[in-house]
Each structure stands twice: as structure tokens, then as C-alpha cells.
Amino acid sequence: MQFHQLAYFVAVADTRHFTRAAEQMRVAQPSLSQQIRALERDVGAELFHRIRGNLSLTEAGETLLPYARRILADTESAYQAVRELDELERGRVRLGATPSLCTGLLPSMLASFRAAYPGIELTLHESGSRDLQTDLSEGALDLALIVDSRLRDQTRLSTQPLLVEELVVISAKDRPAPIRRGRMRILDLKDEPLVMFRRGYDLRDATINACRAEGFEPAFAIQGGEMDAVLEFVQAGMGIAVVPSTVVRDRFRVTRFAEPGLSRVVRLASREDVEPSRAVRALRDAITGYLANAAALPRGTRSLLRPDEPG
């Protein structure tokens, strides 16, 4: 009894036709028929009733069929397990993330993953949450770190909440503080020139929507930048900006908002209809494991993965 004979047998049992089974298995029909005959000789019984225009399983065929299916399934599982072991040595993961996450949390997370799995090739795609969701749904990415405020109705995507990031106001240290003391209100942004991100950026929408909720349109000192550009413009004294606390460095003055403040939820997105490779699962587990460790998180972030916190 050989593996390919069992595969041919199951194909004939499913199609109830030798020619269609041969086409499905991509072999010549006479060759498939010979292998079925050889299998019948091995098991010592006919497996099919061959009546013109009608093909059906014999009692022996009915008995063999579930065992054959199980052997084929177990063999495929064995091949997959071996392939997955190889994936951890030479696999590839395509990860998408927003620019603010690339500037803030991602470097330390990926450094830990790289140390654990040096053989896995990492490809990073930096873009806004909407574009990342599109790329993920179209199969261009394996995983994406996206922001809750930019979620789209993508039925093929599943998302897992990871953490809450506090949004704060940054300004140049050599310029006057936006307020003299205490915490800022959203209304205090009314008379401040803002360094604003480009259109389509989730932080731009979050800031403008918060201002509009207080009844005013914000004034821009300059707009259209990515994260790195916004940070440089603020340091040059062109204005203030609302950014996640995770991107803040010592070179800035930081002012927090009064309660309830501004925040956003970061989520890990993946395709529901695609079984992830072992390399992808390894990165997913590394990201969630890192963020579940509260000691590793910077100030202004709160993990949603800890058992004692809502998730």
C-alpha cells in the first residue's frame, strides 16, 4: 500500500469517476486505474463496484476510506510541521505599521524579535492605518499595527486591541510653554499655531476632530508632514503638535491634557481567511508578549493584554 495509491483511491471515491479523478490528480487515467488495481491486490479485496455508468464503493472500500483520509491528512500535517520548522530559520514576515509606531514602540519590539529569530526576514511597510488595512486585505501584508480611530469595515480582517496611547502636546524647550502651569484643555489649542500632519494621517483627524468638538477650527503654522518632519518643525519652534506619548524625547517640552484627555487604541490586524505561517505567528506572539509586560512600556501607555485589565 503506497501513499499515492491512497490519494488516487480517495479521488475516485469523491468523484465516483476514474477519468475525473485522473484529471484531478493530474495523471493519465490508465495509470490511475492500474494503481487502484494494485491497491486492491494489496488489501485483498475490490474497493469499487464497476457497473457501466455507475461506480460505487464496496464494503471494503467503505471501510478503507476513512483510514485513507486520515493517513493523507496526517501526512500533510507532518509535511506542514516540517515546513514550519524551516520557516523559523528562513521565513519572512511582512509587517505594516503607522509612522508614529515606527518612531515609538516598534524599534524595541522588533529588536527583541530579531534577537530571538535571526533567520526570519522582516519587511516593514510604513503607512497610515487606512492604507495598511487595504494592503492587508489584498494580501500585501501579513500583519499590521493600526490605530483604532482609523478602522475601516473590512470583513476579512480581525483585530486585537493591544494598548492605549496617551496623546500629549509637545513644544520646543527654548520657547514659552503653551500654558503657564497645569494641564491643557483642548480649548487652549485655539490660539496656538499647530504643526500638523498630512491629510489622511490619523493624528491629524484626531486633533482636528477634538478641536471641532470644542467649537473651533485649529490654526496651522505648517501642515503636510510625516512624523519625523513634524518633530523637527516643533523643535525648530514653528509651533506645537499633538503626538502620542511614545514618540516624545527629552528634547521636547511635554504638556499633558486635562482629564479625560486624548488617547487612541493600537490594534494588531490580520487576515481572517488566511492561515498564518509559523514565522507570522512567532512575530504576533512576540508583539503581544512584549506589550503584555507593563515594565517594558513607556509612560503614557497602558497595555490591554494584561489579565487584570479590560481587553
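Tyr117 is partly exposed, at 27% relative accessibility. The model is predicted. Phe113, by contrast, is buried, because its relative accessible area is 1%, below the 20% cut-off.

**Aromatic pairs**

The whole structure holds four aromatic pairs. Phe18 and Phe48 make one of them, and this pair is edge-to-face. Phe18 lies in helix α2 (residues 18–25), while Phe48 lies in strand β1 (residues 48–51). The two are 30 residues apart, so the pair links distant parts of the chain. Both Phe18 and Phe48 are buried. Phe113 and Tyr117 form a tilted pair, because their planes meet at 40 degrees, between the limits of 30 and 60 degrees. A pair of rings is described by the distance of the centres and the angle of the planes. The table gives both values for these pairs.

| Pair | Centre to centre | Angle between planes | Class |
|---|---|---|---|
| Phe18 and Phe48 | 6.0 Å | 65 degrees | edge-to-face |
| Phe113 and Tyr117 | 5.1 Å | 40 degrees | tilted |

Which residues form one aromatic cluster? Phe9, Phe18 and Phe48 do.

**Helix α8**

Helix α8 covers residues 202–213, which is 12 residues. At 1.5 Å a residue, α8 should span 16 Å. Several α8 residues are buried, among them Asp202, Leu203, Arg204 and Thr207. Ile208, Ala210 and Cys211 are also buried. Gly215 follows α8 and has a positive phi, near 90 degrees.

Conventions
Residues are numbered from 1 along each chain as its sequence is written. This is a predicted model: local features need pLDDT of at least 70, side-chain atom pairs count only at pLDDT 80 or more; totals for chains, interfaces and linings use all residues. Side-chain values use heavy atoms; hydrogens and water are left out. Helices (H or I, at least four residues) and strands (E, at least two) are DSSP runs, numbered from the N terminus. The expected span of a helix is 1.5 Å times one less than its number of residues. Buried means under 20% relative accessible area, exposed over 50%, partly exposed in between (1.4 Å probe, protein chains only). Rings of Phe, Tyr and Trp (its six-membered ring) pair if their centres lie within 6.5 Å; planes under 30 degrees apart count as stacked, over 60 as edge-to-face and the rest as tilted.
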